[in-house]
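Student: Before we start, I would like to go through the labels used for this model and ask what each one rests on.

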Amino acid sequence: MKSRVGSSVKADARAAGIEAASRAKEGLSDIKLALVYASVAYDLPAMLDGVKSELPGVPLVGNTSFTGVVTPEGFASGESGFVGVMLLAGDDLVVGVAGLAKSASARETGKQVAREAMKRAGRTDAPTYFYMAAPPGEEEFFLKGVTDVIGRVPFFGGSAADNAIAGEWSLYEGTNVFADGVTVAFFYTKEPMCNLYTGAYRETSDVGIITKIEGHRTLKEIDGRPAVEVYASWTGVSPDSLKGGALLAATITSPLGVKDRLGELVAIRHPMNGNDDLSMAIGSNLAEKTAVIRMEASVDELIASASETLESLKKKCGFKPAAFHLVHCGGRRAGIGDRIGEVVDAVKKSAGDVPFIMEFTFGEYGFEDDGNNTMGGLMLSYTALR
């Protein structure tokens, strides 16, 4: 596999798409996939038309990213817009790309998009691995639908984001843009993919049992008490100080975590809102009678983890990558604030001469060794492709 990356912050959406794609395609042939991450400020169909004009016939997939993207060119961001493009090429690579707006249930839509991706790849077998993107809300059910068709296959990706958690995010496949649905890229190759999926938080001694949830993502009670009340007692603050969006901000450096069945992965569960009844709206699915742990990391540690995780990925993989695809939580990005330059410099140094793109998402997808594919928030999902 070969890869190149380009970006643009031109105010005109179509011109930005042209510039980013033009930079990325230089010196590449036999391009099989374009991964595109852009600003909600853009006229997205126009931006995508610009990208496609430079890459005729190349499958394109992607979504909107929170406040910017990071590439070897730096942090691409701006009020007028931004776009980053990663191209993957190679004569030994087959990629099947598909995207569908939600038409029935999320699970059924996942099944439909998986079948379409296999069809477009000209294959009837499961891919070696796959990429997926969805909007915040039903990611787990889109994944279940894909898995119904292809079985348990390692994956990576993230959830579309906007700049204010206002539901303005979009997904796109080709020039088809939609807010609710799912996109996938199925990779058929003999070369490996290596993923490192982590929250990079420390466990505290604060732990309780989820005793009541409502739906899939409202945490009502921990140890039989209102969830916000328990969290407030753990952190020594008033429950009233955690109502509304104040809970989201407070938990960037101290979220909740749930362990997988083997204890090898702590998937972060980001509280998004403190409700009037002292329940919590959570950014990922929960299950009753499982333990929830309060996690911790300082802003300094959030910044350091962006490059430290890339160093750990390089050690884990044991091969020279052709590209790094880096999914970084938008909530972590918000907590880092105007110190984002420190992240950019450290990640560029760690990546060295390997092309990379970092998007900022509202949900992160990955896996750990022989565990199941997992979704969480406030996570890092770093992937090396060869």
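Tutor: The model is a predicted one. Its largest pocket holds about 770 Å³ of space. That pocket is lined by 25 residues, and Glu140, Arg269, Asn372, Asn373 and Thr374 are the closest to its centre.

Student: Which element gives the most to the lining of the largest pocket?

Tutor: α4 does, with five residues. Each of α4 (139–150), β17 (256–259), β18 (266–269) and β25 (374–376) supplies at least two. By class, the lining has ten nonpolar, eight polar and seven charged residues.

Student: Why is the contact of Arg202 and Glu301 called a salt bridge?

Tutor: The cut-off is 4 Å from a side-chain nitrogen of Lys or Arg to a carboxyl oxygen of Asp or Glu. The N to O distance for Arg202 and Glu301 is 2.6 Å, so the pair counts as a salt bridge. Arg202 belongs to strand β14 (residues 202–214) and Glu301 to helix α7 (residues 299–317), so the bridge ties together parts 99 residues apart in sequence.

Student: What makes Arg202 partly exposed?

Tutor: Partly exposed lies between buried, under 20%, and exposed, over 50%. Arg202 has 40% relative accessibility, so Arg202 is partly exposed. Glu301, with a relative accessible area of 33%, is partly exposed too.

Student: How do you know that Lys259 and Glu203 form a salt bridge?

Tutor: Their side chains meet at 3.3 Å, N to O, and the cut-off is 4 Å, so the pair qualifies. Lys259 is in strand β17 and Glu203 in strand β14, so parts 56 residues apart in sequence are tied together.

Definitions and conventions. Residues are numbered from 1 along each chain as its sequence is written. This is a predicted model: local features need pLDDT of at least 70, side-chain atom pairs count only at pLDDT 80 or more; totals for chains, interfaces and linings use all residues. Side-chain values use heavy atoms; hydrogens and water are left out. On a 1 Å grid over the protein atoms alone, a cavity is a set of points where a 1.4 Å probe fits but cannot get out, and a pocket is an open set with protein on both sides within 12 Å along at least five of seven lines; lining residues have an atom within 4 Å of a point. Grid points are joined across faces, edges and corners, and a volume is the space filled by probe spheres set on the points. Helices (H or I, at least four residues) and strands (E, at least two) are DSSP runs, numbered from the N terminus. Ala, Val, Leu, Ile, Met, Phe, Trp, Tyr, Cys and Pro count as nonpolar, Asp, Glu, Lys and Arg as charged, and the others, Gly among them, as polar. Buried means under 20% relative accessible area, exposed over 50%, partly exposed in between (1.4 Å probe, protein chains only).
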